[in-house]
Amino acid sequence: MKIKKKFLDTNIKNKSKTIKEKIQFVFYDGKKLPLPTEIEISESGVCNRKCSFCPRSAPDFNEVKEFIDENLYKKLCHELKEYDYKGTIRFSGFVEPLLDKNIFNLISITRAYLPKSNIEIVTNGDPLNLKRLQKLFYSGLNRLLISSYDGEKETKALENLCKEAKLNESQYLVRRRYLSEDQDFGITLSNRSGLMENAEFKIKSLNDPLKNPCYIPSYTFFLDYQGDVLMCPHDWGKKLILGNLKNTNFKDIWFSKQSMGIRKMLNKSNRNFSPCNVCDVDGTFMGKKNSEYFL
């Protein structure tokens, strides 16, 4: 099946470079293997928006008003400290991170445990004001990725707010997410592993799996607020859970037999398992070098 050409996020080039250049290795079961270069934290079950191209716009989407336990997050940071982790910690996932009143503390904890890590937040910008923006960077944030959904006027206001906070260009990026439908709304759209069929902007699940590899599970560790570690940040339905950090350590989840097997299958373009069999994500924009160590 031919992959439809999609709008490409302006941050893909930056992410690709970081993923390639910041690979860290450890020995596990006698083999030299890479750690994830990106750790994505979906630290709550809430968002204040229901964008048409998001599964949250579906009438049957279940929002859960819970937030990640601080002790669970400290457990992750403590285990990453053992490796002097230098990769990216990104608060994003399926939620709006700035709705969490504890977000500043979570950033401070990350910086204290992992001083060499790159800490990012993806936000819709709605909760931002000058005081909060400055506090984010005072707490230890490296970069803020703002998705602007309403229009050019609102986008300019967000850009001016960042300038007022005296942020340099490497510290923030405002992305226009209000483009026309034929421009994919300004976002690299996907069917969220089959969870967009009931959304306002419907994207069908694939009838036949794509025939190309996917490198995402070779460089991304995705943790949600309940402690579940998902195979992929596109798996909004949580159809493939690799383990739970509450009762298993980070290393044993990342290098589990299941995780290793999935990477090998995807490296060989084998998507004949759920949810990859219905997913339309290309998965080859970045991470090829990481994936080669799991062949």
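Helices here are DSSP runs of H or I with at least four residues, strands are runs of E with at least two, and both are numbered from the N terminus. The model is a predicted one, so local features need pLDDT of at least 70 and side-chain atom pairs count only at pLDDT 80 or more, while totals for chains, interfaces and linings use all residues. Residues are numbered from 1 along each chain as its sequence is written, and side-chain values use heavy atoms, with hydrogens and water left out.

The packing of α3 against α4 puts their axes 8 Å apart at an angle of about 20°, which makes the two helices roughly parallel. Axes are lines fitted to C-alpha atoms, for helices over the stretch in contact, and the angles run from 0 to 180 degrees between N-to-C directions. Angles under 35 degrees count as roughly parallel, over 145 as roughly antiparallel, 65 to 115 as roughly perpendicular, and the rest as oblique. Phe104, Ile107, Ser108 and Arg111 of α3 make the contact with Arg132, Lys135, Leu136 and Ser139 of α4, contact being heavy atoms within 4.5 Å.

Helix α3 also packs with α2 (residues 70-81): their axes come within 9 Å and cross at roughly 20°, so α2 and α3 are roughly parallel to each other. From α2, Glu70, Tyr73, Lys74, Cys77, His78 and Lys81 meet Asn105, Leu106, Ile109, Thr110 and Tyr113 in α3.

In the loop between β3 (38-42) and α2 sits Arg49. Its side chain makes polar contacts of 2.7 Å with the side chain of Asp126 and, also at 2.7 Å, with that of Asp150. A polar contact is a pair of N or O atoms within 3.5 Å; within protein, one must be able to donate a hydrogen and the other to accept it, and residues adjacent in sequence count only if both atoms are side-chain atoms. Beyond four places in sequence, the contacts of Arg49 are with Arg56, Asn124, Asp126, Tyr149 and Asp150.

His234 belongs to the loop between β9 (228-230) and β10 (241-244). The side chains of His234 and Ser190 are joined by a polar contact of 3.2 Å. Setting aside neighbours within four places in sequence, His234 touches Ser190, Arg192, Ser193, Ile216 and Val281.

Finally, Phe294 lies in the segment after α9 (288-292) and is buried, with a relative accessible area of 1%. Again leaving out neighbours within four places in sequence, Phe294 is in contact with Leu33, Pro34, Ser218, Trp254, Phe255, Met260, Arg263, Lys264 and Asn267.

Definitions and conventions: Buried < 20%, exposed > 50% of the residue type's maximum accessible area, 1.4 Å probe, protein only.
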